[in-house]
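Let us walk along the surface of a protein and look at its charges. Keep the structure open as you read.

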Amino acid sequence: IRVPPQYDQSDVILISGVPSNVEAAKGGLAEKVTELEKEKEDRIQKSFEVKVDVDPRYHPKIIGNKGSVISKIRDDFDVNIQLPRKGADDQSIISITGYEKNANEARDAILKIVSEFESMVHEEVTIDPRVHSMIIGKRGRTVRKIMDDFRVEIRFPRDGDDPALVVVSGDDDNVQDCIDNH
């Protein structure tokens, strides 16, 4: 079996030998070509891409603790999810690649997470930055307990934010209970 060099750009393969062996090789090559064409078609179908516009402040919610949420979405829908890199032109576009049905279902799952967080109440509370470490506690245990007890999300300021501004998010009643009791 002689395959032409790539620079010839020829699709003719020369098979020489005993006629019965030539026929067997020809059949084997035809099967391999069919298999490769199916794989190519599958790759094309699996490369369907959908882009979803999500406010970057929700990206950590989509990623989840140690990537747990995004990993689950990737596994459940057999898709690749690409969030924008820091400093990219469009920080809000998330790309989802996979089979069309799976990519659209993954997009819907992401949008559901976003809508849950958008429906939450966000209350800004001014807390002296010197006590933030006491609220957070050792390895974040205290703040996690508060968040679990009141079913709220507490976000401390990042660089460039007002250092005293803490945001409490959740259901309206839960946010108010958390603020009133802490």
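A residue is called exposed when its relative accessible area is over 50%, buried when under 20%, and partly exposed in between. I1 has a relative accessible area of 61%, so I1 is exposed. Find I1 in the segment before α1 (19–46). Together with V3 and I13, I1 forms a nonpolar patch on the surface. The accessible area of this patch is about 300 Å² in total.

A word on confidence comes next. This is a predicted model. The mean pLDDT of the protein is 90, and 100% of its residues reach 70 or more. Among the elements, strand β3 (residues 93–98) has the highest mean pLDDT, at 96. Helix α7 (residues 172–181) has the lowest, at 82.

Now turn to the charged patches. K66, K138, R139, R141 and R144 make up a positive surface patch. K66 sits in the loop between α2 (59–63) and α3 (68–77). K66 counts as exposed because its relative accessibility is 83%.

There is also a negative surface patch, whose members include E123, E124, D159 and D177. Two elements, β4 (121–126) and α7, each give two or more residues to this negative patch. Which element gives the most to the negative patch? Helix α7 does, with four residues. D177 is found in helix α7. With 38% relative accessibility, D177 counts as partly exposed.

Other charges are paired. Side chains of opposite charge can pair when their charged atoms come close. The count comes to 10 salt bridges. Three of them are worth a visit.

Start in helix α1. K32 forms a salt bridge with E35, and their closest N and O atoms are 3.4 Å apart. The two residues are three apart in helix α1, so about one helical turn separates K32 and E35. K32 is partly exposed, with a relative accessible area of 41%. E35 is partly exposed too, at 38% relative accessibility.

Move on to helix α3. Here D76 and K72 lie four residues apart, about one turn of the helix. Their side chains meet in a salt bridge of 2.8 Å, N to O. D76 has a relative accessible area of 47%, so D76 is partly exposed.

End in helix α6 (residues 141–150). K145 and D149 both lie there, four residues apart, about one turn of the helix. K145 forms a salt bridge with D149, with the closest N and O atoms 2.8 Å apart. Are these residues exposed or partly exposed? K145 is exposed, at 51%, whereas D149 is partly exposed, at 47%.

Notes. Residues are numbered from 1 along each chain as its sequence is written. This is a predicted model: local features need pLDDT of at least 70, side-chain atom pairs count only at pLDDT 80 or more; totals for chains, interfaces and linings use all residues. Side-chain values use heavy atoms; hydrogens and water are left out. Patches are made of residues with over 30% relative accessible area and no salt bridge: like charges are joined within 9 Å, nonpolar side chains (Val, Leu, Ile, Met, Phe, Trp, Tyr) within 5 Å. Accessible areas come from the Shrake-Rupley method with a 1.4 Å probe; for residues, only the protein chains shown count as cover. A salt bridge is a side-chain nitrogen of Lys or Arg within 4 Å of a carboxyl oxygen of Asp or Glu. Lys and Arg count as positive and Asp and Glu as negative; His and the chain ends are not counted. The place of a charge is taken as NZ of Lys, CZ of Arg, CG of Asp or CD of Glu. Buried means under 20% relative accessible area, exposed over 50%, partly exposed in between (1.4 Å probe, protein chains only). pLDDT is the predictor's confidence in each residue, from 0 to 100.
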